[in-house]
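Dear colleague,

Please find the structure below, together with its sequence. My notes on it follow.

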Amino acid sequence: MTRAANGWRGLAALGSVLLALAGCDRQSAPTVAPTEAPPLTANAAPKAASPTLAAVKARGYLNCGVHQGLVGFAYTDNRGEWRGFDVDFCRVMAAAIFGDGGKVRFVPLTADNRFQTLASGRVDVLWRNTSWTMERDTGGQFTFAGINYYDGQGFMVRRALDLSSATELNGARVCVAAGSTSALNADDYFRSRGIAYTPVVAPTEEAARQAYGREDCDAFTADISALAAARTTLGDPQQHVILADVISKEPLGPVVRRGDESWGALVRWTLDAVVLAEELGVNRANARAMAKDARDPRVRRLLGLDGDFGARIGLSRTWAVDAVAEVGNYGEIFERNVGSQSALDLARGLNAQWNARPGGLIYALPVR
């Protein structure tokens, strides 16, 4: 026998011994079945009840922070009724919680006092065209629960100035609201281009618009949607033009206090419910009927026919049906407040559904 053969035989013997020892270990140690996390089911209750939701239910209505007066988004009509895009999202929440979109009280807030009011607990949620920024999101006090409008900042000037770009505003007086991202963005824009300008800072957006109307400044800067709203209130809207420049990204959405994750989820999913309803063809007129005999599994889950997803956010099985039937889907809310059925007549643009032609950025998380 060669030396190589002896070597291989030795290795084989050693392997047999190791296998035997391993077998002994397996026999002596108890067999433990791998543990598996319990499957998530649609009927599972939320892990932690929301103290904010409990307070809202006990009170009997939702306290909703809104703009103190912005046509198209939050304003009172000639009968004193609150109207607007953000106002309707407050009503969506009230309908989802109570089955009644009227069970909401609106608290008008300025850009300066909105976060302080939310932190104090005077409002349960902030639906006030508020931009989602890193500083606000990571400050430790607040959480953004989604985006309901994609906007950007621009400039409005008098048509008589014959300007085609904001770069021509050298030496201009620019009206802007205090406590807003608009003031910071405008400063970034002009400073980065070496353009001299004089900020005319007003306490509120409404005051900034009034200052522009009095010709205390040459230009008014704000979110483009706010500029479109402001233009409708001026004596002769046709004499004012919104320049083509868009100098920022302004993702606007609802804000809640940090620490009540279940409440944040409720706000997020009521927003997503009306977005998904538009995508699936569920609207104010047909929601109740579709909740009886829909065949599309996605519609059935949304409207509570398959699974009880409402229980996961502390609401009833009909939470989404109630929200859409009372207020409408995202498209209906958009069109009547800021779109083609409104004085603003804004195009959907980035706020079109993701699968529209052309597509936008509005995209609901799946209910499943």
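The chain has an accessible surface of about 18200 Å², and 53% of that surface belongs to carbon and sulfur atoms. Accessible areas come from the Shrake-Rupley method with a 1.4 Å probe, and for residues only the protein chains shown count as cover.

This is a predicted model, in which local features need pLDDT of at least 70 and side-chain atom pairs count only at pLDDT 80 or more, while totals for chains, interfaces and linings use all residues. Residues are numbered from 1 along each chain as its sequence is written, and side-chain values use heavy atoms, leaving out hydrogens and water.

The mean pLDDT (the predictor's confidence in each residue, from 0 to 100) is 89 for the chain, and 87% of its residues reach 70 or more. Over residues 1-43, however, the pLDDT is below 50, and beyond near neighbours in sequence this stretch has nine contacts in the model. A contact means heavy atoms within 4.5 Å.

Of the 368 residues in the chain, 48% are buried (under 20% relative accessible area; exposed is over 50%, and partly exposed is in between, with a 1.4 Å probe and protein chains only). The chain contains 13 helices and 14 strands, which are DSSP runs numbered from the N terminus (helices: H or I, at least four residues; strands: E, at least two).

Helix α9 (residues 261-280) has 20 residues, which should span 28 Å at 1.5 Å a residue; its end C-alpha atoms are 28 Å apart, so the two values agree. The expected span is 1.5 Å times one less than the number of residues. In α9, 14 of the 20 residues are buried, and the helix is followed by G281, whose phi is positive, near 80°.

The structure also holds 19 aromatic pairs. Rings of Phe, Tyr and Trp (its six-membered ring) pair if their centres lie within 6.5 Å; planes under 30 degrees apart count as stacked, over 60 as edge-to-face and the rest as tilted. The F115 and F142 rings are tilted because their planes stand at 40°, with centres 5.3 Å apart. F115 lies in helix α4 (residues 114-120) and F142 in strand β6 (residues 142-144), so this pair ties together parts 27 residues apart in sequence. Both F115 and F142 are buried.

Y212 and F220 form another tilted pair, at 6.3 Å centre to centre and 35° between the planes. Y212 is buried at 0% relative accessibility, and F220 is buried at 1%.

Yours sincerely
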